[in-house]
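Subject: Structure handover

Hello,

Please find the structure below, followed by notes on what was found in it.

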Amino acid sequence: MKKLAVLLLGIVGLAAIAATCVIKNISLTEIDGDMHYAGEMDNQTAANILNHKYKIAFLNNGTVVTTKTVNGCLRSLQAGNSDFFSANSGKSDSQVDVGLVRIEGPLTFGEVVNGALTFSNVSVTRDGEDIVVAGKVTNADNDDLENVRVCAVLTDEDDRIIVIEQDDDDYDLDSDDSQDFEITFKAPD
């Protein structure tokens, strides 16, 4: 009976978190012949979610045609903040008409590192469907940071998330260290 009570409390806790994580600014967009689902998850709880992914289902006429599990831009979904996600269905617009998302575990919770990153020399260029975002990231904090990830978020004029793309590298940055980055990805017209 004790195990059942603990399990029920855990389920209620996860349901409370899920009820206050709001999905917004979603889009289903064709990019380079494939349908992409993207959006923003706003954590309106007091909990810092350290480990998470997004599970995205692509549907056609109410039937799931494929699912994808993806990382968000950020490693953690901190209390009161947002994270961004996108997934490529690998299917055409005739094969996908709806996207759905949920946060995927195993979820872990705890304290987050308050890193202070600055970005400089940022440039964005476009050549047809290719967008290149380049620049420099600097650790402006006194603490050393490991596995720093840089991510670009493309939005439309209505603030809907179209696609996100991460740099292929993670960076270990001591205090005041810098690293150049470049992210290349496809985008619609």
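In β13, Ser-178 is the bridge partner of Thr-138. That bridge belongs to the pairing of β8 with β13, which is antiparallel and has nine bridges. Two strands count as paired if DSSP finds at least two bridges between them. Strands are DSSP runs of E with at least two residues, helices are runs of H or I with at least four, and both are numbered from the N terminus.

This is a predicted model, in which local features need pLDDT of at least 70 and side-chain atom pairs count only at pLDDT 80 or more, while totals for chains, interfaces and linings use all residues. Residues are numbered from 1 along each chain as its sequence is written, and side-chain values use heavy atoms, with hydrogens and water left out.

The sheet: β8 and β13 are part of an open sheet of three strands in the order β7-β8-β13, with antiparallel pairing. Its edge strands, β7 (117-127) and β13, each pair on one side only. On average, neighbouring strands here are turned by 15° against each other, direction ignored; the axes behind this angle are lines fitted to C-alpha atoms, for helices over the stretch in contact, and angles run from 0 to 180 degrees between N-to-C directions.

The cores: the largest nonpolar core has 16 residues, and Val-133, Val-150, Tyr-171, Phe-181, Ile-183 and Phe-185 have the most contacts inside it. Elements giving two or more residues to this core include β8 (130-139) and β13 (178-186). A nonpolar core is a set of buried Ala, Val, Leu, Ile, Met, Phe, Trp, Tyr and Cys residues joined through side-chain atoms within 4.5 Å. Buried means under 20% relative accessible area, exposed over 50%, and partly exposed in between (1.4 Å probe, protein chains only). Apart from this core lies another, of 15 residues, among them Tyr-37, Ile-49, Val-70 and Val-101.

Leaving aside neighbours within four places in sequence, Phe-181 is in contact (heavy atoms within 4.5 Å) with residues including Phe-119, Val-133, Val-150 and Tyr-171.

Asn-60 has Thr-63 in β4 as its bridge partner. Two residues lie between the strands of this hairpin, and Asn-61 takes a positive phi near 55°.

Of the 189 residues, 35% are buried.

Regards
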